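Please keep the sequence and the 3D view open while you read.

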Amino acid sequence: MIPSRQHTQIGSLSLCSPIMPASGTFDPLSSLPPFDLEQLGAVVLKSITLHPQWGNAPPRLAETPSGLVNSIGIPNRGLTHFVTEVLPRYTQRWSHLVVSVAGYSPEEYGLLTKTLSRNPAVIAIELNLSCPNLSYHVIPAHDPVLLKESIHAARETTAKPLWAKLALGVPSLGKMATVAETAGADACTVINTISAMAIDQSTGTPLLGGGTGGLSGPAIKPIALAAVFEVAQHSTLPIIGVGGIMTLQDILDFLYAGASAVQIGTASFYDPLTMAHLIQDLESYLGSVQCTVADLVGRTQKRPQTGPVERT
Ligand SMILES: Cc1cc2nc3c(=O)[nH]c(=O)nc-3n(C[C@H](O)[C@H](O)[C@H](O)COP(=O)(O)O)c2cc1C
C-alpha cells in the first residue's frame, strides 16, 4: 500500500490526515455530516465532565469582528449518561473517536479516563486541562503541580494515548509542556480559547452570561502559532495545533511551527464544509510539491541571532 501523503503520527497513533475538529465545535450527530468523516484524522468530541452540569448562563456566544467569544461552560449529562446513551451513537458510525474530558480534580480525570478508555472506538483521550469557562479554583494547566497530578491520575488508569490540552496565561508554556510530558502525556494540544469579554453597550453589562469567555477564531491564530512554536522548542511531545485555522496557509504555518496535526474549530461555524475543503487543499498542495505532512513538521527554525548593527 502506498502511504498517503497526509498520514501523520501522533506518538503511537497513525492518523490518515492531520486535520480533525476541535473539541466542542463540530457535532456530526446534531445534523447530517456534510462530508465523509472517515477522511478526518479523528473525530474529536465535546468535553464531558464526571457529573451532570448545566453550563453557564446565557447568552453563551458573542461574535467579534475576527472570531467568537464563548462562555458555554460544558453543559452535559455526565459520564454515566455519556457512556450509556451518547457514546454508542458515535461508535456505531465511527471508529476513530477522541473523547475530551474535563475534571475538577486529579481523581476526576482518573475516573473519566478509566471508564472511557474501555471503549475500542476511543483511540485517544484529550484531557481538557484549560477550559476558561469552568468554576475552577485554578485552571489545571495554569498550575504545574495540578497539571502533573491530573495527567498522572489519568495515566495510571489507561494505556490509551493521552493528549493534554494546554492553555496560555502561564509564564512559560514550554515548561508546562515538559511537565505534561513527564507526567505521562503522549501529545499536547495547543491551545484552548483565550480569556476575553464583550460588553452590551445598551446595559453596560457583560454581553455573556458568564461575564467573561474564551476568544477563538482568526484573532488568535498568530498567538496559537507562537504557542506551538514555543512548545516545539521545549518538548519532544507531538503537538496538535489549534487556534484560528481557516485556510491551507494556516495549516502549513502550524506544521512548519512544529505541529504534527491540527484542529479546526470556529472555522466550521462559518462553513461546516471547511474541514472537507482543507483536506482537499492539503492533498493538492502536497501533490504539487511532492512531499508528505511529516516533511513539513517543524521546518521553521529560530532565526540565527545577529549582532548589533554597527553605526558609522
Ligand atoms: C463554541 C465553542 C465550544 C468549545 N468547547 C470546547 C470544549 O468542550 N472542550 C475544549 O477542550 N475546547 C472547547 N472549545 C475550544 C476549541 O476546541 C479550540 O481550542 C478553540 O476554539 C480554538 O480553536 P479555533 O480558533 O479554531 O476555534 C470550544 C470553542 C468554541 C468556540
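## Terms and basis

A salt bridge is a side-chain nitrogen of Lys or Arg within 4 Å of a carboxyl oxygen of Asp or Glu. Side chains of opposite charge can pair when their charged atoms come close.

The model is predicted, and local features need pLDDT of at least 70, side-chain atom pairs count only at pLDDT 80 or more, while totals for chains, interfaces and linings use all residues. Residues are numbered from 1 along each chain as its sequence is written, and side-chain values use heavy atoms, with hydrogens and water left out.

A search of the whole structure finds 3 salt bridges. In one of them, the side chains of Lys 221 and Asp 253 meet at 2.6 Å, N to O. Lys 221 belongs to helix H5 and Asp 253 to helix H6, so this pair ties together parts that are 32 residues apart in sequence; helices (H or I, at least four residues) and strands (E, at least two) are DSSP runs, numbered from the N terminus.

Lys 221 also meets the side chain of Asp 250 in a salt bridge of 3.0 Å, N to O. Because Asp 250 lies in helix H6 (residues 248-257) and Lys 221 in helix H5 (residues 221-234), the pair ties together parts that are 29 residues apart in sequence.

Another salt bridge joins the side chains of Asp 186 and Arg 155 (2.7 Å, N to O). This pair links distant parts of the chain, 31 residues apart, with Asp 186 in the loop between helix H4 (173-183) and strand S10 (187-190), and Arg 155 in helix H3 (residues 144-155). Asp 186 has a relative accessibility of 29% and counts as partly exposed.

## Around the ligand

Among the 22 residues around the ligand, those that come nearest are Ser 23, Ser 47, Gly 217, Gly 244 and Thr 266, where a residue counts as near if one of its heavy atoms lies within 4 Å. A polar side-chain atom of Thr 266 lies 2.6 Å from an oxygen atom of the ligand.

Terms used:
Buried < 20%, exposed > 50% of the residue type's maximum accessible area, 1.4 Å probe, protein only. Polar contact = N/O pair within 3.5 Å; in protein donor to acceptor, adjacent residues only side chain to side chain.
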